[in-house]
Amino acid sequence: MVEKMENLLEWGGMKKDISCLVISGISLVSSLLHFQFFDIDFAWVAIILCGIPIILEAFIGLITEFDIKADVLVSLALIASVIIGEIFAAGEVAFIMQLGSLLEDLTVAKARAGIEKLVHLTPRTARKLSGSTETVIPAEQVQIGDILRVLPGETVPVDGVIISGQTSINQAVMTGESLPVDKTVGDDVFSGTVNQFGSFDMKANKVDDDSSIQRMIKLVQSVDAGKAKIVSVADRWATWIVVIALTAAALTWIISGQIIRAVTILVVFCPCALVLATPTAIMAAIGNATKHGFLVREGDALERLAAVSYITFDKTGTLTYGTPEVLAVVNCCDDWTEQDLYRLTASAELRSEHPLGKAIVNCYKKQQFKEIRQPDVFQMIPGQGVKAEVDGIEIFAGNMELLSENHIILPECIKKQAENYRDKGCTITYIAINRKAVGFIALSDTLREDAFDTIQKIKTANVTPILLTGDHESAAKYMADKLEITEIYADCLPEDKLLQIDNFQKSGKLVCMIGDGINDAPALKKACVGIAMGGIGSDITVDAADITLINDKINELPHLLYLAKRMMITIRCNLTFSMTLNFIAIILAITGVLNPVIGALVHNAGSVIVIVNSALLLNWRKKAATSMIKIN
């Protein structure tokens, strides 16, 4: 995890430094084209190094695909300028166009390996049982109906149903649930999930490409391939620009009889400022986002983010911390106090490896500031809980199956109170002392401190928050009510999240997805914009996302939304200015006021103005509104 964070920070910092360097130095470098040094004409250097690749690319695009882009007009202007001896004009245009292309390349994400990492989750082997013989075989050779054995710590090789044994399964890869799920005979298990404690035997019912982990890999691959990229404005309007420029140049040459005026039109019509309008604003916005903890991995991600109508949140690890905390200790027996129950249960769970047991121990230490006595006798019962003895007192702590297996009757008063906490999304650990049920401990995931304020500010930005989680409906609804999120989708598997986002976007509403778990990867890919939690999120989740929140501070999300919208305003201003400047320059070129060199300088000035306007985004931040604090 440390290495992953260092890589994220290094790449984010590099992008910010590059953006500042390019934006501050562009006009200085372009001015060097005026000078000669040791008989080297830097205008010719620019033509050879920058212009020839543009001409070749334009020629290949025209011949092979008849694809008219902005570089077609640039090529014509370069060739015409060289023919009539306007070398500086040709070099300046070539340099500015290649600089715009460089900025666009810098805003594109570096190579991602998310799908490859996801494939590595696929189990390699399986333990096949044939009578009393156990054979290790490749997972892809498992057939439907085969009996398999899964030991503690192993990954479930295929989908199936448990036929013997009890255990707890970590299903985070499929559902994102923060806690292991207890499983027993008759329960389904999924490939890619991890067996935590007890061993069990299972019957395979979905194998190879039909297994859950393979279906998720296919989902990620398919949505990644179908995700369209935004085409640059200059290329989108290229055909019209080329037609208008050639027509104006031809008519001017015919009417005036002066070829220099025609070449000047081609030079001033080159979309230099137009090409720089978008990437410079994006680079400046990326530098701003980096300072606020965001790594923008896709160059057009902020463009897409500015257009979203919905933000769908995963719950566990995104809006919550993803770690259970003791919410209440409930005592229903006069013989013991709540402190007694808490102390004895913490002792009983001291050697437990179960996340719930660890949570009880950690919370007791934090809240009581006392040392916990070691149990005299300890037994962990997979899929049920623990049995221990402390100071001669027998303690059972676990689920209802643990009590029923040991013939301990659960009174109605405990059942009713436990149900009330379960409706709030809590997980219950029942407690029995000396084989008598005396109460329970309720544990719950906890909301991030800034979650409510973040949700309210997102609403203020005219974006609708939606809860899209693999957790149970009661837990999802309880958290959503506290955050005032009205639209909830619970019990979602990866394909369910993917389908829901697809339905939103088919209705014309673009979606931003925020998540941290491996199960969120397909949805992050499918969404118009995917944002991953970089601190607690898995490598696969980070690789699947367009943007990574490096420090997991979700209170910066509203700033990112407003920054994206502000960036689009800046881009529109840049484009409007660029096109206006071009048309004014054309009129002046037609009338003979401008020659190619002056036309190139006008372009240089226009490009600098565009860059300065974009640079204002580097430190932009919307004035803070009054924070909204909810008292629960």
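**Sheet and helices**

The model is a predicted one, in which local features need pLDDT of at least 70, side-chain atom pairs count only at pLDDT 80 or more, and totals for chains, interfaces and linings use all residues. Residues are numbered from 1 along each chain as its sequence is written, and side-chain values use heavy atoms, with hydrogens and water left out.

I then found that β17 (residues 393-398) and β18 (residues 427-433) run antiparallel and are joined by four bridges; two strands count as paired if DSSP finds at least two bridges between them. Strands here are DSSP runs of E with at least two residues, helices runs of H or I with at least four, numbered from the N terminus.

I traced the open sheet of six strands, paired antiparallel, in the order β14-β19-β18-β17-β16-β15. Its edge strands, each pairing on one side only, are β14 (320-331) and β15 (377-381).

I looked next at helix α19 (residues 473-483), which lies across β14 and β19 and runs at about 50° to β19; such angles run from 0 to 180 degrees between N-to-C directions, with axes fitted to C-alpha atoms, for helices over the stretch in contact.

**N195**

I located N195 in strand β10 (residues 194-195) and recorded that N195 counts as buried because its relative accessibility is 0%, the cut-off being under 20% relative accessible area (1.4 Å probe, protein chains only). The side chain of N195 reaches the backbone oxygen of L151 at 3.0 Å.

How values were computed
Contact means heavy atoms within 4.5 Å. Buried means under 20% relative accessible area, exposed over 50%, partly exposed in between (1.4 Å probe, protein chains only). A polar contact is a pair of N or O atoms within 3.5 Å; within protein, one must be able to donate a hydrogen and the other to accept it, and residues adjacent in sequence count only if both atoms are side-chain atoms.
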